[in-house]
Amino acid sequence: MAITKIAQVNVGAGGASSISFSSIPGIYTDLRLIVSSRISSVGTSIFQLIINGDNSTSAQSTVTLEGNGAGSIASISNSSIVYFANLGHVPGTDTGESTFNNAVIYIPNYSYWTNKAISVDTVTENNGATAYQGIYAGLRADTTAITSLTIQGQGNTLAQYSSATLYGISNTGATGATVS
Amino acid sequence: MTALATIMVFGQTTVTFSSISSAFRDLRLVAVGNTNAGVGSPGLQFNNDTTYGNYQNLTLRGDGSSATSRASTNAGIYPDLGGGDLWNSTTVGTCTWDILDYSATNKQKAVLSRLNSPSSNVTANAHRWSSTAAISTITVRLASGAGFGNYSTFTLYGIPA
């Protein structure tokens with residue numbers, strides 16, 4: 001089977017400032033991180049990703065496309081940013097009971113000697129007129145293998161039942177087609 | 001999900017997956033790379049069908065300043081960027097295509113894709129190949145005809161029912 005669950009984190013009753021995966025083994029080809037998150041305060045926060053604990057090197061850039069379900073759609077380009085600071089929205093306590101953001105982060109060739117391209121899709125549930133859906137193209141201009149991933153909500157506490165599951169996807173032992 | 005075949009290329013202009021097993025329900029093709037010169041958008045052709053008009057594409061695109069939606073007919077599964085291009089020679093990009101019910105012979109083929117170039121565009125796309133033939137060959141190429149950059153990788157996965 002090409003896909004393997006590496007680890008899962010579930011936020012407990014006390015909440016958490018972030019969700020982190022460290023010491024990620026380099027034995028897979030791609031990583032797939034699936035996140036469900038909510039903050040424990042009022043308001044909507046921003047979904048953020050930090051790679052290898054690096055929040056100071058201006059190696060990141062993004063192109064984003066986001067709609068809010070209320071007639072607004074926008075595309076933004078950011079370059080030389082110190083981490084992926086805007087990859088969607090995380091709902092807070094004023095968006096209704098049990099509403100969470102859902103995000104899928106795909107990082108191909110995460111341990112290769114090349115720069116790292118990242119694909120992100122996020123949606124934010126909201127029992128109201130405004131909710132967010134976005135797609136994001138990211139680049140980390142760093143050839144170092146990725147060994148840790150941190151999810152955070154712009155400094156806000158992640159609420160209980162927020163969770164993240166990291167999968168490794170492997171292309172070794174491929175059989176079933178010929179390629180040239 | 002099962003890996004069917006994978007390749008790392010050095011400047012070639014096409015990648016072809018052939019003799020694809022029909023034992024799965026859907027296929028996922030993952031590409032990471034860039035061009036070896038200039039710009040180009042990666043796309044697919046099925047079973048060596050290069051007929052213009054046999055492929056329809058619907059693209060939702062953000063280019064960093066505006067959002068657009070376009071539809072087009074083409075000679076392959078390509079995003080329609082209105083003359084723009086996704087991949088370039090300096091920035092690594094990603095492409096994933098989900099090819100649904102690829103071996104069915106009672107329906108035309110639907111494809112969903114996410115194509116990214118972090119320096120220029122982010123897209124979500126829906127495509128149709130107007131053939132009921134089972135897909136046994138997939139050719140990946142750049143719309144511009146340029147070659148793929150060194151170390152570009154392509155992996156085909158089978159997803160069971």
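## Extent of the interface

Buried area is the accessible area, taken with a 1.4 Å probe, that two parts lose on being put together, summed over both. In this predicted model, chain B and chain A bury about 3100 Å² between them, and 64% of that area lies on carbon and sulfur atoms. The contact involves 47 residues of chain B and 42 residues of chain A.

## Confidence of the prediction

For the complex, the predictor gives an ipTM of 0.93 together with a pTM of 0.95. Chain B has a mean pLDDT of 94, and 100% of its residues reach 70 or more.

## Polar contacts and the side of chain B

Across the interface of chain B and chain A, 19 residue pairs are found in polar contact, with both residues of each pair at pLDDT 80 or more. On the side of chain B that touches chain A, at least two residues each come from several strands, including E1 (2-9), E2 (14-18), E3 (26-33) and E8 (109-117) of chain B. Strand E1(B) gives the most to this side, with seven residues. Sorted by class, the side of chain B that touches chain A consists of 20 nonpolar, 23 polar and four charged residues.

## A salt bridge between the chains

Side chains of opposite charge can pair when their charged atoms come close. Between chain B and chain A the count is one salt bridge, and in it the side chains of Asp121(A) and Arg114(B) meet at 2.9 Å, N to O. Over all chains, the structure holds seven salt bridges. Asp121(A) lies in strand E10 (residues 116-124) of chain A and Arg114(B) lies in strand E8 of chain B, so the pair joins two chains.

Strand E14 (residues 178-179) of chain A pairs with E2(B) in the antiparallel sense, over two bridges. Within this part of the structure, Val179(A) stands opposite Phe17(B), a residue in E2(B).

Methods: Residues numbered from 1 in each chain as written. Chains lettered and ligands numbered in written order. Heavy atoms only, no water. Contact = heavy atoms within 4.5 Å. Salt bridge = Lys/Arg side-chain N within 4 Å of Asp/Glu carboxyl O. Polar contact = N/O pair within 3.5 Å; in protein donor to acceptor, adjacent residues only side chain to side chain. Helix = DSSP H or I, 4+ residues; strand = E, 2+ residues; numbered from the N terminus. Nonpolar A, V, L, I, M, F, W, Y, C, P; charged D, E, K, R; others polar. Pairing = 2+ DSSP bridges. pLDDT = per-residue confidence, 0-100.
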